[in-house]
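Q: I have a structure open and would like to learn how to read it, feature by feature. Could we go through it together?

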Amino acid sequence: MNIEGLDHIGIAVRRLDEALTLYRDHLGLELKSIETVSEMKVRVAKLAVGSTILELIEPLAGEEATRKFLEKRGEGIHHICLRVKDLDQAVAELKTKGYQPVYDTPHRGSGGTKVNFLRPANTHGVLLELCQLVLSKAEGRVEGKTV
Ligand code: CO
């Protein structure tokens with residue numbers, strides 16, 4: 001397994017704008033981007049904290065996982081994401097060790113990443129996201145509207 005670092009911590013929020021009052025305005029963290037990830041039906045704001053990112057996640061209409069989380073547990077830490085060099089290889093290796101990823105094939109994440117998850121039942125209570133940065137041929141990170 002080739003874990004490159006802690007990519008981000010995901011925080012489920014009901015309203016992005018309200019959460020930004022604390023994280024951007026009062027804590028003064030730099031807002032890197034706000035993005036709608038249509039495949040995941042969420043809006044995501046990314047704030048830089050040193051070399052890692054806080055990711056505020058607001059579910060959009062029709063989204064279920066984050067919405068259920070908010071209903072059950074309220075706002076709070078939703079997942080942590082470890083960045084790997086090769087997601088397919090990492091998931092294959094985890095499968096050989098008996099773990100079952102949430103998706104059969106990787107999903108498109110925010111900021112030009114592909115992602116998969118391991119469920120909290122298998123990870124000592126943490127929804128664990130694995131992501132791989134996918135570079136576009138021309139200009140590095142694809143998608144992601146920079147603010
Ligand atoms: Co994430």
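Q: What kind of site does the cobalt ion have, going by the angles among its four donor atoms?

A: A word on the model before the angles: it is predicted, so local features need pLDDT of at least 70 and side-chain atom pairs count only at pLDDT 80 or more, while totals for chains, interfaces and linings use all residues. Residues are numbered from 1 along each chain as its sequence is written, and side-chain values use heavy atoms, with hydrogens and water left out.
Now the general idea: ideal angles at a metal are 109.5 degrees for four tetrahedral donors, and 90 or 180 degrees for six octahedral ones. To be called tetrahedral, four donors need all angles between 85 and 135 degrees; for square planar (four donors) or octahedral (six), opposite donors must be over 155 degrees apart and all others between 65 and 115; anything else is irregular. Here the angles run from 86 to 179°, and the site is irregular.

Q: Which residues coordinate the cobalt ion?

A: Donors are N, O and S atoms within 2.8 Å of the metal (3.2 Å for Na, K and Ca), and water is not among the atoms, so sites may look incomplete. In this model the donors are NE2 of H8, OE of E55, NE2 of H79 and OE of E129, at 2.0 to 2.6 Å. Along the sequence they follow the spacing H-x46-E-x23-H-x49-E. Strands (E, at least two residues) and helices (H or I, at least four) are DSSP runs, numbered from the N terminus.

Q: Are E55 and E129 buried or exposed?

A: The call rests on relative accessible area: under 20% is buried, over 50% is exposed, and in between is partly exposed (1.4 Å probe, protein chains only). Both E55 and E129 come out buried. G10, in strand 1, is buried too, because its relative accessible area is 0%. Contact means heavy atoms within 4.5 Å. Leaving aside neighbours within four places in sequence, G10 is in contact with E55, I57, G76, I77, H78 and H79.

Q: How do I read a nonpolar core, and which residues make up the largest one?

A: In soluble globular proteins, nonpolar side chains tend to be buried together. A nonpolar core is a set of buried Ala, Val, Leu, Ile, Met, Phe, Trp, Tyr and Cys residues joined through side-chain atoms within 4.5 Å. The largest one here has twelve residues: I11, V13, L16, A19, L20, Y23, L29, L31, A45, L47, L54 and L56. Helix 1 (16-26), strand 3 (42-49) and strand 4 each give two or more residues to this core, and the largest share, four residues, comes from helix 1. Take L54: leaving aside neighbours within four places in sequence, L54 is in contact with I9, I11, Y23, L29, A45, K46, L47 and V49. Another core, of eleven residues, lies apart from the largest one, and V42, V44, Y103 and L127 are among its members.

Q: Which kind of phi does H124 have?

A: Phi of H124 is near 60°, a positive value in a residue other than glycine. H124 lies in the loop between strand 7 and strand 8 and counts as exposed because its relative accessible area is 82%. K41, also not a glycine, has a positive phi of about 55°. K41 is found in the loop between strand 2 and strand 3, and is partly exposed at 40% relative accessibility.
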